Amino acid sequence: MINLTVTSEQEELISTVARAASTEFPRTDLVQACVEGSIKPIDDKRWRTLADLGLFSLSVPEAVGGLGLTLADEVLVVIELGRVPARGPWVGTMLATRIAVQAGQGDLAGQFMAGTARAGVINGDYTVDVVPGEYGVRVTGEGGELVRITAVTQVPGSDEAAIVSRVESTEPVASLADPRLLTRLRVLTAAYMIGVAEAATDMSAEYAKVREQFGKPIGTFQAVKHRCAEMVIRAHSARAELFVAALLLELDGDQAGLLEGTSAYLLSMQAARRNAEDNVQNHGGIGVTAEHDAGVLVKRAQIYSNLGGGSETDLVPILLTAQRTPFS
């Protein structure tokens, strides 16, 4: 039987990352960006503070300077980043570190792990929160390519707290032939979206306790409490599927975790979007203003649901044809 229990060491990792992420990347910065219509590039010192906790060396073998942990540990960390939600190319840098290590580029991998270099996911021609001179990761069903981004054009996006750019030119750096890399991308992206879904749930639950109408907390009203219950169910089911996918993806074989990884990605996408929308509705009029945190989560859900590649329509055939990986 597969064990989904979080260990005491993992709980300590979760709390440490959660504290650091909320301190270095406060949600107030994102709200302010939504009000002002733009945000500055990511502060290098803040990024290195999170890197110093080992975020980008979690699943890197100890023999090459990593912590030797698993994808499941990366998932737990990224969920906490999504709960903040912390801006930045977290998923791309994790994948870039993996590609650099396996391509034998230890110095570059060390830069990613130390936080002195970072890499965004390139989806089509676009990437998020990366500037020229930094790196990008292109992932397909055959593997991944690590490139240096040499020129970009910033374009308007739905999230004012994210710098969206069209990649104009790149230089090849390394590549990795690993069909499971695409599923890994989706698993890590799903983790961030689950964090967003859970943050929206917590925000609604807290507001429902203190906001009153007709002399009673709105949480006592059937429509609100049922909506909050559905938010919990969406996030919980997506999280469970994600943990299974993360554990199975560590197995050998090109198909390992494909079905569960795709399912987790779709479930987390739906949970993030719908929970963020329900959170706005639970907050009523204040929820639709740029000055409120609820709108930040809606925009984060939109950005991250596009990073994993493929729409819901594109991914359904995978669910119909992939074979479930046996485990004990």
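The model is a predicted one, in which local features need pLDDT of at least 70 and side-chain atom pairs count only at pLDDT 80 or more, while totals for chains, interfaces and linings use all residues. Residues are numbered from 1 along each chain as its sequence is written, and side-chain values use heavy atoms, with hydrogens and water left out. The briefing covers the sheet, its strand pairs, the helix packing and selected residues.

**Sheet organisation**

- Five strands form an open sheet of 5 strands in the order E1-E3-E4-E5-E2, with mixed pairing; two strands pair if DSSP finds at least two bridges between them.
- E1 and strand E2 (126-128) are the edge strands, each pairing on one side only.
- From one strand to the next, the twist averages 50 degrees; axes are lines fitted to C-alpha atoms, for helices over the stretch in contact, and angles run from 0 to 180 degrees between N-to-C directions.
- Helix H5 (residues 90-102) packs on the sheet and touches E1, E3, E4 and E5, where contact means heavy atoms within 4.5 Å.
- The direction of H5 makes about 110 degrees with that of E1.

**Strand pairs**

- Strands of a sheet pair through backbone hydrogen bonds, in either the parallel or the antiparallel sense.
- Strand E1 (residues 119-121) and E3 run parallel and are joined by 3 bridges, with Ala119 opposite Tyr135 in E3.
- E3 and strand E4 (residues 144-154) run antiparallel, joined by 5 bridges; here Arg138 stands opposite Glu145 in E4.
- The hairpin of E3 and E4 has 4 residues between the strands, and Gly143 takes a positive phi near 160 degrees in it.
- E4 and E5 run antiparallel and are joined by 10 bridges, with Thr153 opposite Arg166 in E5.
- E2 and strand E5 (residues 164-176) pair in the antiparallel sense over 3 bridges.
- Strand E3 (residues 135-139) is mostly covered, as 4 of its 5 residues are buried; buried means under 20% relative accessible area, exposed over 50%, and partly exposed in between (1.4 Å probe, protein chains only).

**Helix packing: H1 with H4**

- The axes of helix H1 (residues 8-24) and helix H4 (residues 71-83) come within 9 Å and cross at roughly 30 degrees.
- H1 and H4 are therefore roughly parallel to each other; angles under 35 degrees count as roughly parallel, over 145 as roughly antiparallel, 65 to 115 as roughly perpendicular and the rest as oblique.
- Their crossing is right-handed: a crossing is right-handed if the near helix is turned clockwise from the far one by less than a right angle, and left-handed if anticlockwise.
- On the H1 side, Gln10, Leu13, Ile14, Val17, Ala18 and Ala21 meet Asp73, Leu76, Val77, Glu80 and Leu81 in H4.
- The residues of this contact divide into 8 nonpolar, 1 polar and 2 charged; Ala, Val, Leu, Ile, Met, Phe, Trp, Tyr, Cys and Pro count as nonpolar, Asp, Glu, Lys and Arg as charged, and the others, Gly among them, as polar.

**Helix packing: H5 with H7**

- H5 and helix H7 (residues 181-210) pack at an angle of about 150 degrees, and their axes are 9 Å apart.
- That angle makes H5 roughly antiparallel to H7, and H5 passes H7 in a right-handed crossing.
- Trp90, Val91, Met94, Leu95, Arg98 and Ile99 in H5 meet Leu181, Arg184, Leu185, Leu188, Thr189 and Tyr192 in H7.
- The residues of the contact of H5 with H7 comprise 9 nonpolar, 1 polar and 2 charged.

**Selected residues**

- Ser165 lies in strand E5 and is buried, with a relative accessible area of 2%.
- The C-alpha atoms of Ser165 and Val152 are separated by 5.9 Å, although the two residues are 13 residues apart along the chain.
- Leaving aside neighbours within four places in sequence, Ser165 is in contact with Asp125, Tyr126, Thr127, Val130, Val152, Thr153, Gln154 and Val155.
- Asp129, in the loop between E2 and E3, has a positive phi of about 60 degrees although it is not a glycine.
- Asp129 counts as buried, at 5% relative accessibility.
- A cis peptide bond with omega of about -10 degrees joins Val84 and Pro85, and Pro85 is placed in the loop between H4 and H5.

Definitions and conventions:
Helices (H or I, at least four residues) and strands (E, at least two) are DSSP runs, numbered from the N terminus.
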